[in-house]
Amino acid sequence: MPQPVHADAAVVRTWCGLALEALGRARAEIDAINVYPVADGDTGTNLYLTVESASQAVEAVFAGHEAAGSGDGPSLTEAVRAMAHGALIGARGNSGTILAQLLRGVAQVVAGEPEKSDRGRVEDASERDEAHAPGAGDGELLRLALVRAAESGYQAVAHPVEGTVLTVATAAAQAGATAEGDCAAVAEAAYAGASAALDATPEQLAVLGRAGVVDAGGQGLVAVLGALVQALTGQAPAHPWHRSADGHARVDRVDVDRVDGEGHARVDGDAVHVRVQAGAGDPALVEDCPADGEDGTGPAFEVIYLLEAEDAAVARLRTRLDALGDSLVVVGGDGLWNVHVHVDDAGAAVEAGVEAGWPYRIRITHFGSADAHSAGFAAPPRERAQRAIVAVVPGDGLAALYAEAGATTVLARPGEPPASGELVDAIRRAHAREVVLLPNDAELRHTAAAAAEQARTEGVRVSLIPTRSAVQGIAALAVHEPDRRFDEDVVGMTSAAGATRYAELAVAERQFWTTAGICQAGDVLGLIDGDVAVIGTDVAATATSVLDRMLAAGGELVTLVLGDEAPEAVAERLEDHVREAHLAVDTVVYRGGRQSALLLIGVE
């Protein structure tokens, strides 16, 4: 008799990784069938970026436990909370934002958090306190988590529409609720129910039926659920969709007969109770709700931002944004929210966020002349530049410096390294035939390599220079000559970066062993080429010692990049020291701005 399958943090980690792989494989197909709410062909990409952020957050939790020497690793609660938080801060687009809320609903049940709203949408939901009762089985926990996820998704959307990812999530929850056994059995049932509901979406939403496709967001959710099945059982479920002669996606494992008059999708004659809200199952009523831009009159901008605000302020924000536009989705809680809306007045949407709290990571995308919002003839595409530089930079001051030199920048925030999708986006924004990519961080080498490979598949010639610090990137930019041959330019920039030693000053957060000895919390650490070389108590004195060590081997130019937290007198003191102690060495000083390191040092 097979042993019951139990969920733990390792399963969550595996789930995230498998979901990312599945969405990576399906990304182009999902993008291609994206017709609702806007036919902008990015749902697959947005879901991939959202899950990538969730996966990175889970990996960070595991890395934190490993660094602390914890032999047990993170708990299931820690892992699912990290997954939900990562998805929240990295959510992209309408479907990505909804997926983040679905994952948050799962995390709430696993963590035993109380539900803050009674706006339930899934029929016959079990009592919430069963989710965290002592001795509750993993199967029951997953059943309740799926129910909470579906309910949370509906609560996040201002005007829910059936035949979308919300319907698929509901079907997954209701199919899982009827399954008996462990969490693997529940996941398999949820996957089958979601697959059946996905196949029924063209009959629920007229725009999908006319296009002959299933809902793109729903297809992405099925891929995520399939990854969950594989994480729990070790076996991937049968691929849930393929194209048939009529253009619809058909289910291999479950055959959907029809959607009956009550809005229930029927699987092999047995109802899985995919509930359709009043009127949503009536084709005539759905016909009256065209996708944004279908008639050329949809909003012009997509606005997304993270928001730190109180619950009451967010309730007012929902009302205001709902009046400004459509496709409004607000997800999150506990003071941190992700806001997504389509509007004509992007400034007003951002101002509404400012009134509610503190919006940041603001992203505004214009639905251009060639997209679903346009009528008439499309404008000719913008001509590609021959060559561009894309660089990751730590701090807004450095971002301005790089941009002034002509680079397209990606801002790296402390503890939030950019994902490969963000680098790919930057390469696309650069809109060039040839791109030189500067990651400026040793930890980003694999992420940058993945982004470069993705961009190459899109016809862009990309060369990755493995810069490990922003000062190496500055050295590479200084010798960049766009008029010479691409290979020659890359060789010159690589040589300049390689000839630049780099150092960084940081403040120790706790006591730990380093290559220079034991440091205490609050000590100033001087890292040369990534290794701790100096431990001190004063910023200027530590920086001076680091500089002397670096210049002992020679040098012609010292580059100093000061963060906002560095003392004002440090730069002047270091310049004086170099002038007096190291003849014929020049010094240049830049301001790194907010979120930059305390001090970066480069010696060429």
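The legends below describe close-up views of a predicted model.

Local features are given where pLDDT is at least 70, side-chain atom pairs count only at pLDDT 80 or more, and totals for chains, interfaces and linings use all residues. Residues are numbered from 1 along each chain as its sequence is written, and side-chain values use heavy atoms, with hydrogens and water left out.

**View 1. The largest cavity and its lining.** The whole structure holds three cavities of 30 Å³ or more (a cavity is a set of points on a 1 Å grid over the protein atoms alone where a 1.4 Å probe fits but cannot get out; lining residues have an atom within 4 Å of a point). The volume of the largest is about 350 Å³, a volume being the space filled by probe spheres set on the points, which are joined across faces, edges and corners. Its lining has 27 residues, and W15, V106, L142, L146 and L228 lie nearest the centre. By class, 25 are nonpolar, none is polar and two are charged (nonpolar: Ala, Val, Leu, Ile, Met, Phe, Trp, Tyr, Cys and Pro; charged: Asp, Glu, Lys and Arg; polar: the others, Gly among them). Helix α5 gives the largest share of this lining, seven residues. Helices that supply at least two residues each include α1 (9-32), α5 (138-156) and α9 (216-233) (helices, H or I of at least four residues, and strands, E of at least two, are DSSP runs numbered from the N terminus).

**View 2. Helix α1, its cap and its bend.** At the N-terminal end, D8 caps α1, with a side-chain oxygen 3.2 Å from the backbone nitrogen of A10. At A26, α1 bends by about 55° (the angle between axes fitted to the seven residues ending there and the seven starting there).

**View 3. Q472 in helix α16.** Helix α16 covers residues 470-478. Q472 counts as buried because its relative accessibility is 4% (buried is under 20% relative accessible area, exposed over 50%, partly exposed in between, with a 1.4 Å probe and protein chains only). A polar atom of the Q472 side chain lies 3.2 Å from the backbone oxygen of A497.

**View 4. S327 and D334, two residues with positive phi.** Most residues other than glycine have a negative phi. S327, in strand β7 (residues 325-333), has phi near 50° and is buried, at 16% relative accessible area. D334, in the loop between β7 and β8 (336-343), has phi near 55° and is exposed, at 55% relative accessibility.

How values were computed
On a 1 Å grid over the protein atoms alone, a cavity is a set of points where a 1.4 Å probe fits but cannot get out, and a pocket is an open set with protein on both sides within 12 Å along at least five of seven lines; lining residues have an atom within 4 Å of a point. A polar contact is a pair of N or O atoms within 3.5 Å; within protein, one must be able to donate a hydrogen and the other to accept it, and residues adjacent in sequence count only if both atoms are side-chain atoms.
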